[in-house]
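Student: I would like to learn how the words used for a structure are tied to the values behind them. Could we go through a few of them together?

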Amino acid sequence: MFDLQGAIQAAASGMRSQSFRMRLVGENIANVDTPGYARKIVSFESEVDSARGGQTVRPGPVVLSQADPVQSYEPGHPLADQLGMITLSNVNALVEIADAREAQRSYQANLSIFDQARDMRRGLLDLLRR
């Protein structure tokens, strides 16, 4: 049963991490047209939970993308410089949609593992009660 608890903990940490990732993807998509906005990126870090004997994952630090922002010639824009150029965001909506799908599928996979481990644990407890 100890291994089932570790599987539940690992799946729960994966779901929390992917939820955080989806929040950042949502922020990036919301700011795709915001001039000067830099795309936020998160990577994940593995942790060994010695108290529970399992491995979990957690979001690492959020970093800003170093990709070059798009320059656009719009002399009538209020944020335009002396040459009429404005700096747009470096967010690509297609990349963000792909990241959102990947995070959603990873979340669903972790949820499936969580449900299976919970059902196995419940079945084991039912057997022990007999």
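Student: In which helix is the place of Leu-94?

Tutor: Leu-94 has its place in helix α2, residues 93–129, where a helix is a DSSP run of H or I with at least four residues, numbered from the N terminus. This is a predicted model, in which local features need pLDDT of at least 70 and side-chain atom pairs count only at pLDDT 80 or more, while totals for chains, interfaces and linings use all residues. Residues are numbered from 1 along each chain as its sequence is written, and side-chain values use heavy atoms, leaving out hydrogens and water.

Student: Why is Leu-94 called exposed?

Tutor: Buried means under 20% relative accessible area, exposed means over 50%, and partly exposed lies in between, with a 1.4 Å probe and protein chains only. Leu-94 has a relative accessible area of 67%, so it counts as exposed.

Student: How far apart are Glu-27 and Arg-23 along helix α1?

Tutor: They are four residues apart in helix α1 (residues 2–30), which means a separation of about one helical turn.

Student: Why is Glu-27 called partly exposed?

Tutor: Its relative accessibility is 22%, and therefore Glu-27 counts as partly exposed.

Note on methods:
Helix = DSSP H or I, 4+ residues; strand = E, 2+ residues; numbered from the N terminus.
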